[in-house]
Amino acid sequence: MEQLKINQISEQVWEIPPTGAMRVPGRIYANENLMQVIRDDQSLKQVANVAQLPGIVGYSMAMPDIHWGYGFPIGGVAAFDIKEGVISPGGVGYDINCGVRLIRTNLVADQLKIDIKNLIAAIFNSVPSGIGSHGAIRKLSRRELERVAVQGAKWAIEMGYGSADDLQFIEDRGCLADAEPSVISQRAFERGADQLGTLGSGNHFIEIGKVVDIYDSTAAQAMGIFQGNLVLILHTGSRGFGYQICDDFIKSTLRATQKYEIKIPDRQLACAPLKSIEGQDYLGAMRAAANFAFANRQVISSLIYDSLLKTLKISPNELGFRPVWDIAHNIAKIEEHQYGGKKIHVCVHRKGATRAFGPGNPELPEIYQAIGQPVLIPGDMGTASYLCVGTEIAMRETFGSACHGAGRILSRHQAKAKARSLDLYQALAESGVYVMAEEKGTIAEEMPFAYKEVGEVVDSVDAAGIVRKVARFKPLGVIKG
C-alpha cells in the first residue's frame, strides 16, 4: 500500500491531510496501539478515497474497528451535502441495516434454574440460521413484502410479533420513511420471500450474556440494566433482500457515475448525485431493505421471547423481556446537524458504524432524553460486548456516530486457516461460552483471534468522548449461523 501521511491530532485522533484529489482530510479515531494495526490495512487508503467524493462535508472518518471493506472501509463514516453530494451503495454495504438489538430481562444469570445450554438449544431450534436459512414464518407474497418494506417493525407487530411498546426502543421507531418498493427488482423480492425471521450466517449471532460491569449506574438504571442481569444480543440484517438490492444498485450507480461524469478513484465507490433519479431510487430501495431488517429483528425477538417463556416455564412479568435499543450499522440517512456554526442537512453514510446521538436529541424516546442514545458495541463471541451512550462530542465531531464492534484483523479465510488445528467448541467452552452453529466453518471465521480486542476499541472511543461506557456483558451462550 502506498504510504499515506498521517498526523496525530490528539491521543485518540489521527488525520490524513488532503492530497491529490482529496476534498477533505481523513480522520481516524483510535489509540496508538490500535493505529499500529490499522496502518497495516488497506482501509486507510479507502478513507482517502472516500474523501475524494463530491459534496463530502468535514472529514472522511473511520472508527477504531476500521478494516477493509467494499468501497468504503468497514467502520467508515461520511456525510454528504444533500444538494451537491452523492450517495454510494458501497458506503452502506451489502447487508443493509445489519444491526444489533439488545434485550434486557428480569433474570439473574447466576440464579437460573436451567442450564444455559438448554436455553441456547431452544432458541436455536426456533430461529432458522445459516446460509440461505428460511422458514421462520410463512412465505410472503410480493404484495406482503412490499408492506414489510414500507412499514418495517410495525408490520411485524401487527402480525403478532411483539408489542407496540417495542417501537420506542428501535432507531427511527423501526421504520424509515419514504421507502420505495416499486424500484426494487423481482429477484430481490424472491430472495426475501421466505427469509423474514431468519438469522443468516457470517458474523450474525444471538448471544445470551451476563452484566459483569456497570460504569454509569444512572444510565444503566434508565435502560433497565443491573449487575448480574441476563441480557440477549441479536445481530442480523436484511438478508438476501438487502443483498440483492445492493447488488442491483451498484450496477445502476456505476452507470450513473459515467452519466454524471463523476470521477472516482475506485469502481467500488460507484455513486449517484443525491438529487438525481438514480440517487433517489437507491435511497428509496435502501430504506425498504432497512425496514425489512427492522422487521426481521422484531420477528426474531418474538421467537426468542416465546422460546424463553416455554423453556423457563415462567410468566411474562417474571421474564421482563424488553428491547433496550435496536440500532442500524449499515445505513445512509438524511439528518440535520450543526456544522460550521449553522444547521445543515446531510446524508450520513455509516458503514460498520452506529448512530451515537447525545442527550436531548428529539429523535430519542423520552426515557433516554437525559442520558443520550444507547450505543451497542458487540465484541467477538469469546470476550465481551458493551453498552454505551452517545454524547454531545459525537454530535459536534462525527455527525453523531461511533464504532459498531471490535473490527476484524484476520480475513475469514485467514481465520479458518488458523483454526484448522483447534477444537473450536472446546476452546470456547474453556472461556465459559457454549456455542451452537449450523456450520463449524462459521465458528472458525468468527473466533476471538480474528478480531481486535473489543475492550481496547471501546476504551478508545470512550476516551475520545464520542461515547460514554455504561455496562459490559460477558457471553454465556452464542448461536452462530
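Hi everyone, let me start with charge: this protein carries 51 positive and 52 negative side chains, and the centres of the two sets are 3 Å apart. Here Lys and Arg count as positive and Asp and Glu as negative, with His and the chain ends not counted; each charge is placed at NZ of Lys, CZ of Arg, CG of Asp or CD of Glu.

A quick word on what we are looking at. This is a predicted model, where local features need pLDDT of at least 70 and side-chain atom pairs count only at pLDDT 80 or more, while totals for chains, interfaces and linings use all residues. Residues are numbered from 1 along each chain as its sequence is written, and side-chain values use heavy atoms, with hydrogens and water left out.

Now the overall fold. The protein has 15 helices and 19 strands, taken as DSSP runs (H or I, at least four residues, for helices; E, at least two, for strands) and numbered from the N terminus. Its radius of gyration is 21 Å, close to the 23 Å from the globule rule for 481 residues, so the protein is as compact as a globular protein of that length. That radius is taken over C-alpha atoms, and the rule is 2.2 Å times the number of residues to the power 0.38.

What share of the 481 residues is buried? Buried residues come to 62%, meaning under 20% relative accessible area with a 1.4 Å probe, protein chains only.

Finally, helix α15 spans residues 454-464, and its buried residues include V457, V458 and V461. At its start, a side-chain oxygen of E453 comes within 3.1 Å of the backbone nitrogen of G455. After α15 comes G465, with a positive phi near 90 degrees. Thanks, everyone!

Note on methods. Buried means under 20% relative accessible area, exposed over 50%, partly exposed in between (1.4 Å probe, protein chains only). A polar contact is a pair of N or O atoms within 3.5 Å; within protein, one must be able to donate a hydrogen and the other to accept it, and residues adjacent in sequence count only if both atoms are side-chain atoms.
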